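Subject: Structure for you to look at

Hello,

Here is the structure I promised to hand over. Please open it first, then read my notes below.

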Amino acid sequence: MAIIEAHGLKKQFKSGKTVVDALCGINLSVAEGGIIGLLGPNGAGKTTLLRILTTLLQPDAGTAQIVGQPIDTGSAAIRRRIGYVSQQGGAEAAATGRENVLLQARLHGLSAAEAKQRVSELLVGFELESIADRVVQTYSGGQRRRLDLAMGMVHRPVLLFLDEPAVGLDPQSRARLWDEVRSLHRGGTSVVITTHYLDEADALCDRVAIIDHGQIIVEDSPAGLKRTLAGDVVRLGIRVDELEQARTLFTNQAFVRDISCEDEHLRLVVEQGETALPQILQLVNDHGLSLQTITLDRPSLDDVFLHYTGRSLRDA
Ligand SMILES: Nc1ncnc2c1ncn2[C@@H]1O[C@H](COP(=O)(O)OP(=O)(O)OP(=O)(O)O)[C@@H](O)[C@H]1O
Ligand SMILES: [Mg+2]
């Protein structure tokens, strides 16, 4: 069953004379239990899409069903069941961390006893216990982000939206966040995460949608997206006097899609690097070639992004 089903979502912003088409007809389907990453540069429309799916913003056109409820009439039912950690966070700076999470719990209808139990569980889970009774304005950026995350999941949402959750986190906190998301996911929560970190999308998501200029350009599994590119590249360092022999040998192999010489290297494009490597080594051995180096390069999501948008995500 789909936990998110969106069709033709459009949103335009007007301020003064400028008109921005933030969303230009988004179709999106997310299966229950999935983790989908929305990957795109600044201004692509990621936050706008999240605000519509969480019923905080009305689309100009299109429809969406979230947890089986239409966004236009089911907002109360939807909000009870989802969690949303916005890009800027929603903690009250003058209150303590514990008060913030507690308030969220009570707003979501947990009883006083339930809330107390759940809040202390989360404060421990996000390693906030030792600072929980300090006011939030004294927190570091990473501590604040972890508090935002605790607030977003206090009511055990079946669907959690995270807008750029890792921005401002150090590598260690990022790893902890990923662990937390994975553990929530194991518990049955579906997750939508926006990011411009390619490694984050690659590590966490079972689906990735590349979004640019208000449109979803392509959606697939990270591996599937990478497969749409040329394939994996294996570079073989071979003695110059054996290069031609090696070239002839590998040209005749079914697993080799493309072959070229680069300096003293043979560059092979293969379907799947991990199955090609043992075959290559076997052939090298059988024909008595002297192999000096071997490297395997796999396309990254950045290559995928470049392929579909014509520019690098880092430049965008
Ligand atoms: N309330 C608003 N009024 C006017 N323009 C807006 C408003 N909200 C968003 N926009 C514009 O809509 C476009 C999409 O913005 P959005 O925040 O959805 O992008 P994003 O993909 O989340 O970007 P980022 O990676 O920087 O967070 C941008 O051009 C933005 O300036
Ligand atoms: Mg955004």
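Some ground rules. This is a predicted model, where local features need pLDDT of at least 70, side-chain atom pairs count only at pLDDT 80 or more, and totals for chains, interfaces and linings use all residues. Residues are numbered from 1 along each chain as its sequence is written, while chains are lettered from A and ligands numbered from 1 in the order in which they are written.

Helices (H or I, at least four residues) and strands (E, at least two) are DSSP runs, numbered from the N terminus. Two strands pair if DSSP finds at least two bridges between them. Axes are lines fitted to C-alpha atoms, for helices over the stretch in contact. Angles run from 0 to 180 degrees between N-to-C directions. Residues are in contact if their C-beta atoms, placed from the backbone, lie within 7 Å.

The six-stranded sheet

An open sheet of 6 strands runs in the order β6-β7-β8-β3-β9-β10, with mixed pairing. Its edge strands are β6 (82–85) and β10 (215–220), and each pairs on one side only. From one strand to the next, the twist averages 15 degrees. Strand β9 (residues 207–212) pairs with β10 in the antiparallel sense, over 5 bridges. Look for Ile-210: its bridge partner in β10 is Val-218. Helix α5 (residues 141–153) lies across β6 and β7 (159–163). The helix runs at about 165 degrees to β6.

Two packed helices are described by the angle between their axes and the distance between the axes.

Take α3 and α5. They pack at about 20 degrees, with axes 8 Å apart. The two are therefore roughly parallel (angles under 35 degrees; over 145 is roughly antiparallel, 65 to 115 roughly perpendicular, the rest oblique). Their crossing is right-handed: the near helix is turned clockwise from the far one by less than a right angle. Gly-97, Asn-100, Val-101 and Gln-104 in α3 meet Leu-147, Ala-150 and Met-151 in α5. This contact has 4 nonpolar, 3 polar and no charged residues. Ala, Val, Leu, Ile, Met, Phe, Trp, Tyr, Cys and Pro count as nonpolar, Asp, Glu, Lys and Arg as charged, and the others, Gly among them, as polar.

How does α3 sit against α4? Helix α3 (residues 97–107) and helix α4 (residues 112–125) pack at about 135 degrees, with axes 9 Å apart. That makes α3 oblique to α4. Residues of α3 that meet α4 include Arg-98, Val-101 and Leu-102. On the α4 side, Ala-115, Arg-118 and Val-119 are among them. By class, the contact of α3 with α4 holds 7 nonpolar, no polar and 3 charged residues.

The four-stranded sheet

An open sheet of 4 strands has the order β12-β13-β11-β14, and its pairing is antiparallel. The edge strands are β12 (256–262) and β14 (291–297). β12 pairs with strand β13 (residues 265–270) over 6 bridges. There, Glu-262 stands opposite His-265 in β13. Helix α9 (residues 243–251) lies across β11 (232–238), β12 and β13, at about 165 degrees to β12. Helix α10 (residues 273–286) also packs on the sheet, touching β11, β13 and β14.

Best wishes

Notes
Contact = placed C-beta atoms within 7 Å.
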